[in-house]
Amino acid sequence: MKKQMSIGLVCPYNMAKGGGVQECVRALQRGLAAKGHQVKIITPVPRQKDFAHEEDVIYVGRARDIKSPFATVGQISVSLNTRTLEEVLEREKFDIIHFHEPWVPIVSRQILSRSSAKNVATFHAKLPDTMMAKTIEKVITPYTRSIMNYLDGFTAVSNAAAEYVASLSDEHITIIPNGIHIPKVKIPKVSSRDNSILYIGRLERRKGVKYLIRAFASLLSNSPETKLIIAGDGPDRAKLELLAAQLGVTKSVEFLGYISDEQKASLLKTSGVFCSPALYGESFGIVLLEAMVYGLPVVAGDNPGYSGVMRDFGATSIVNPKDELAFSRQLHLLLHDERMRNTWVDWATTYVQQYDYDVVVEAYEAYYRRLLQT
């Protein structure tokens, strides 16, 4: 019988809020615990006073909200009682401590310098290819270099996410993708979907939604019954609503704002095509995989994170969002060509299984065990 491990999962972001990194950490905690391991999440204390303390979460230090270059809000530690931290490490006696986004100050650095466990890093984000991001990279690189000697293992969710750390080290980086929860009971296939294009996400420049609206306006000349549903909010919403008005497509575009998980599931079940035309700053493509689970064809922007997910036949769905004609044609094809739609959905139904969190958890468990043998 294999030895059960004591595992600490370090998350620098607010575990009381949603987010891709938080979702990954929670899924790992639940999956590894279900396999019999002792697993604790280590994270800064959320600022909100009404958050619910969780039994398997260890709260260390105080934090404040800081907007990262990836358009996420992180709970960055501003103070940490090192004696308390040492007591936690002595009490828990972790075999593995797994640091998610270890470059984020200061929790990971303080734990790493005191850890006697095997230390694993996972890099989730890709720095946007912008001048501001390049400036931020210069600032954080000395800090990132200072923690790398403490790490025993390096992982990333994609090749795009591995780029930054690969530029700083010759250490091998193991790619273990992000996961999604695939229902054990197969989602019933919808016999008829409506003629709508669905976007779910932030309304900000890097997401490329303005190019989607332009391509949609071009599509309407041949498919006047088509609708565009835009779910989500953000700083560019007013600009995007104005663009829809200027292009004369306001009656065919619906801005829903923030939606619940239940609304999201309903839209994924009934829409005709899912589209995420992000231009840059994507390290992965969770939203694309979620659409696949619901049997929904996808059109995606040609950024490295999405291209890394949409491999094999899925590469046919990658478009340059700024090429309005090609973008419009791809949307039309997956909306109206029944043979193409069926071929795409059949491929996606099988392909997406490799990203189930059960598979991802097993990959990390195997990685931990290999590391403990070295």
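Predicted model: local features only at pLDDT ≥ 70, side-chain atom pairs only at ≥ 80, totals over all residues.
**The big picture**

The protein has 374 residues, and 53% of them are buried. Its secondary structure comes to 13 helices and 14 strands. If you look at contacts with a separation of 6 or more, 70% of them are between residues 24 or more positions apart.

**Helix α6 and its two partners**

Two packed helices are described by the angle between their axes and the distance between the axes. Here is how that works out for α6, which covers residues 209-220.

| Helix pair | Angle between axes | Distance between axes |
|---|---|---|
| α6 and α7 (residues 237-246) | about 15° | 10 Å |
| α6 and α11 (residues 324-336) | about 65° | 8 Å |

With axes at about 15° and 10 Å apart, α6 counts as roughly parallel to α7. The α6 and α7 crossing is right-handed. On the α6 side, the residues in contact are Val-209, Lys-210, Ile-213 and Arg-214, and they meet Leu-240, Leu-243 and Ala-244 of α7.

Now for α11: at about 65° and with the axes 8 Å apart, α6 is roughly perpendicular to α11. This crossing, of α6 and α11, is right-handed too. The α6 residues that take part are Tyr-211, Leu-212, Arg-214, Ala-215, Ser-218 and Leu-219. Facing them in α11 are Glu-324, Phe-327, Ser-328, Leu-331, His-332 and Leu-335. Arg-214 turns up in both lists, meeting α7 as well as α11.

**Aromatic rings around α12**

Searching the whole structure turns up six aromatic pairs. One of them is Trp-344 with Trp-347: the ring centres are 5.4 Å apart and the planes sit at 75°, so this pair is edge-to-face. Both residues belong to helix α12 (residues 338-351), and because they are three residues apart, about one helical turn separates them. An α-helix has 3.6 residues a turn, so residues three or four places apart point the same way.

Trp-347 also pairs with Tyr-351, but here the planes are at 25° and the centres 4.5 Å apart, so the rings are stacked. Those two are four residues apart in α12, again about one turn of the helix. How accessible are these side chains? Trp-344 is buried, as is Trp-347. Trp-347 has a relative accessibility of 16%, under the 20% cut-off, so it counts as buried. Tyr-351 has a relative accessible area of 7% and is buried as well.

The ring pairs go beyond this trio: they link Phe-284, Phe-313, Trp-344, Trp-347, Tyr-351 and Tyr-355 into a cluster.

Helix α9 spans residues 286-293, and its buried residues are Leu-288, Leu-289, Ala-291, Met-292 and Val-293.

**A buried threonine**

Finally, look at Thr-144 in helix α4 (residues 131-148). Its relative accessible area is 0%, so Thr-144 is buried. Leaving out residues up to four places away in sequence, Thr-144 touches Trp-103, Tyr-164 and Leu-168. With one of these, Tyr-164, Thr-144 makes a side-chain to side-chain polar contact of 3.2 Å.

Technical notes: Residues numbered from 1 in each chain as written. Heavy atoms only, no water. Buried < 20%, exposed > 50% of the residue type's maximum accessible area, 1.4 Å probe, protein only. Polar contact = N/O pair within 3.5 Å; in protein donor to acceptor, adjacent residues only side chain to side chain. Contact = heavy atoms within 4.5 Å. Phe/Tyr/Trp six-rings, centres within 6.5 Å; stacked < 30°, edge-to-face > 60°. Axes fitted to C-alpha atoms, helices over the stretch in contact; angles between N-to-C directions. Parallel < 35°, antiparallel > 145°, perpendicular 65-115°, else oblique. Left-handed = near helix turned anticlockwise from the far one by under 90°.
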